[in-house]
Amino acid sequence: MLLDRLLSTSSCLALGVALSASAAEPVTVVRAARLYDGKADAVVSPGVVVVSDGRVVAAGSSAAVPAGARVVDLGDATLLPGLMDAHTHLSFESSLDWKQDQLDLLKKPITEQAIIATEYARRTLMAGFTTVRDVGSSDLIDVGLRNAIDSGKVPGPRMLVAVNAIGSRGGHCDPTGGFRPELLKEPGPEQGVANGPDQVRAAVRFDAKHGADVIKTCATGGVLSEADKVDSPQLTQAELDALVDEAHALGRKTAAHAHGAEGAKRAIRAGIDSIEHGSFLDDEAFELMRKKGTYFVPTPLPCIMQRLRDAKAPANIIQKAAAADGKALETLKRAIAKNARIAFGSDAAVCPHGTQLNQFEIFVRSGMKPLAAIRTATSVDAALIGVPDRGTLEAGKLADVVAVPGDPSRDITVMEKLFFVMKGGTVVRNDRATVASTGTGASGASH
């Protein structure tokens, strides 16, 4: 009985300390000329975001500035939710030397690759992407990076990871394609290579066991794999049915790399959550996506052709890139015209990490309105990847806030001049001299 009373007293004291600490938590107000909340069809003015304990307390033009708050005034700028990228590969980055990249993958210790990946994560965060989905790594580098970021050991965005991307033997997800058979061990489900529905299920279970948040598959060939055609289907309908069924049963969303229309349609029929790339999608594919509610994650890569030429990539790789690149913008324009559910994904690693802000202009040039383009990387991506606690600026959401100069609803290119990043209430980048002052308790005013 005495022990119970002591424990009860101790618990009450701990609760009191926690409440006192919470009550003493400093309040930060980020203020600018404008704000876009990530879901509406208009920018509001002025822009005020009130932050406490890593969460948004209030946001909008009429949000009150609490007395004693620290105010970060960004002047003639627009506040936005932290951006998201649904298609990255933070564990590596293509260089301008194709052969050296191939050699590095074989010779660099996994530990060195993991350490280098922390720089890619830092760059991504500094570019304003506070949440990303990493859709294919190796050796659990993505899992380790995610965990190190979450524990505060290294800077980077919040990550949802896939462990291994899952595909067929000799397909785009087979890491041994193009090498002599005796050089590398033939991969199996533990490395993401599966033949038949049962092995596919085993591969999904392996990824889930080792920390996958999302299950990624290669439904068609790809650009950077040497042993396949870019648009060829690589998994049967039964294999894709098994993959999606197993992943959804385990509570994971699914994503399909699919340049070609036939492989994409198999994945859509199976219930895949998103089609990635989609360079050669046809009208039937878009109609299936509409009926199924499938998201489209196009990955326009303005850098790819020049980088592959500069890197002296194999001729067949350059030819495949030219074919996919030649159709990608046409397909994106058709997707916009058909009002497809388009989400933001950059395929960063092909182009350097941290450079994907130029994709917003590509979307607008292809027919999107500026705020719709921004929504692809805010509320739309949040819905796709299943993170309802972020993607908009409203009370209760994570305090992920970025800022760009001017008004992106009028000039989308200002997205490429992003200068301020707050992640979870902590400012990690601010390129402007700010004015910090004590709040008056009055609502924000324009300046």
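Predicted model: local features only at pLDDT ≥ 70, side-chain atom pairs only at ≥ 80, totals over all residues.
User: How should I read the packing of helix 3 and helix 4, and at what angle do they pack?

Analyst: Two packed helices are described by the angle between their axes and by the distance between those axes. Here helix 3 (residues 110–126) and helix 4 (residues 141–150) pack at about 50°, with their axes 10 Å apart, and helix 3 is therefore oblique to helix 4. The crossing of the two helices is right-handed.

User: Which residues make that contact?

Analyst: Helix 3 contributes Ile110, Gln113, Ala114, Ala117, Thr118 and Ala121, while helix 4 contributes Ile141, Leu145 and Ile149.

User: Which residues of helix 3 are buried, and what covers them?

Analyst: The buried residues of helix 3 are Gln113, Ala117, Tyr120, Ala121, Thr124, Leu125 and Met126. Their cover includes helix 2 (98–107), strand 8 (129–134), helix 4, strand 15 (420–423) and strand 16 (426–430).

User: Where does Ser151 lie, and why does it count as partly exposed?

Analyst: Ser151 lies in the loop between helix 4 and strand 9 (158–161). Ser151 counts as partly exposed because its relative accessibility is 42%, a value between the cut-offs of 20% and 50%.

Key:
Residues numbered from 1 in each chain as written. Heavy atoms only, no water. Axes fitted to C-alpha atoms, helices over the stretch in contact; angles between N-to-C directions. Helix = DSSP H or I, 4+ residues; strand = E, 2+ residues; numbered from the N terminus. Parallel < 35°, antiparallel > 145°, perpendicular 65-115°, else oblique. Left-handed = near helix turned anticlockwise from the far one by under 90°. Contact = heavy atoms within 4.5 Å. Buried < 20%, exposed > 50% of the residue type's maximum accessible area, 1.4 Å probe, protein only.
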